[in-house]
Amino acid sequence: MVVASMDVNGETRAAAVQGMLRTLRESVAPDPETLVGTLGRVPHKYLR
Amino acid sequence: MRSAFLARVHDSVAVLKALYSEPSVLLPVLLSDPAPYIKAVSEAVIAKSSQPSRAIIRAHLSFLALHLLPVVPQDVVEDAFSHVFFPFLLFSKPKFRTAQAVWEIVEAAQKSAPDVGLARCESLEGCVEVMKEEERLFLSRAMTRKDESVTSAFENAEVMRKVNLAVASRMAGEYLFDIKVRLPTEWAR
């Protein structure tokens, strides 16, 4: 995502900054789908 | 992404509010190398050309004092103190509101993190207490006189002078101490 050198108004730049922060937040948060997938690969004996 | 964030340090209040809206997300990005960020903030708040507003100064200094400085090594804190906070600490007629706002940020930071960051900055030791005492004395005198026109103690030239003198003496004391420690090495050369 490129936000530097933006010739747009402040509102747009603020939204872009919030977008970057959201991207960062989501990139470090655990993905619930991955967790489900991991559980799906747990050997059958542990799921009894 | 880091350079994009750094570029926004020079932006408007609205953009700064967005930038500093999630400290826990922004901090890891800046912590990998805080020096360029502190340099950018210093340039943004001291710039003579743009005359940054009090809101811009407050946004930068609040984030630094309350979020970044408590989690960086002390040499980074001292660097931020010298280049970002120090230029705003002395009171003057045209700048007393800014000085007051910056001291409030320093006080809040020292209260929220009493063992790290600005609370460990030796040059600031005891300064908030000196200010509070001068403010208390002035306001109690105003109350005795039943003077209701007083809005801020720091608007008063005598309070400004006393606080400036106390802060400057405190800081000069630190520098004298530094010189004393360094002198023998200097003389040995």
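Mentor: Helix axes are lines fitted to C-alpha atoms over the stretch in contact, and angles run from 0 to 180 degrees between N-to-C directions. Keep that in mind for this predicted model.

Trainee: Which helices of chain B come within 10 Å, and at what angle do their axes cross?

Mentor: Helix H4 (residues 34-46) of chain B and helix H5 (residues 54-68) of chain B. Their axes come within 10 Å and cross at roughly 155 degrees.

Trainee: Why is H4(B) called roughly antiparallel to H5(B)?

Mentor: Angles over 145 degrees count as roughly antiparallel. The crossing is at roughly 155 degrees. Therefore H4(B) is roughly antiparallel to H5(B).

Trainee: Is the crossing left-handed or right-handed?

Mentor: Left-handed, as H4(B) passes H5(B).

Trainee: Which residues meet there?

Mentor: H4(B) brings B:Pro34, B:Val41, B:Ala44 and B:Val45. From H5(B) come B:Ile56, B:Ile57, B:His60, B:Leu64 and B:Leu68.

Trainee: What classes of residue make up the contact of H4(B) with H5(B)?

Mentor: Eight nonpolar, one polar and no charged residues.

Trainee: What share of chain B counts as buried?

Mentor: Of its 189 residues, 31%. The cut-off is 20 or more other C-beta atoms within 10 Å.

Trainee: What share of the contacts in chain B with a separation of 6 or more joins residues 24 or more positions apart?

Mentor: That share is 67%.

Note on methods
Residues are numbered from 1 along each chain as its sequence is written. Chains are lettered from A and ligands numbered from 1 in the order in which they are written. This is a predicted model: local features need pLDDT of at least 70, side-chain atom pairs count only at pLDDT 80 or more; totals for chains, interfaces and linings use all residues. A residue is buried if 20 or more other C-beta atoms lie within 10 Å of its own, exposed if 12 or fewer, and partly exposed in between; C-beta atoms are placed from the backbone. Two residues are in contact if their C-beta atoms, placed from the backbone, lie within 7 Å. Helices (H or I, at least four residues) and strands (E, at least two) are DSSP runs, numbered from the N terminus. Angles under 35 degrees count as roughly parallel, over 145 as roughly antiparallel, 65 to 115 as roughly perpendicular and the rest as oblique. A crossing is left-handed if the near helix is turned anticlockwise from the far one by less than a right angle, and right-handed if clockwise. Ala, Val, Leu, Ile, Met, Phe, Trp, Tyr, Cys and Pro count as nonpolar, Asp, Glu, Lys and Arg as charged, and the others, Gly among them, as polar.
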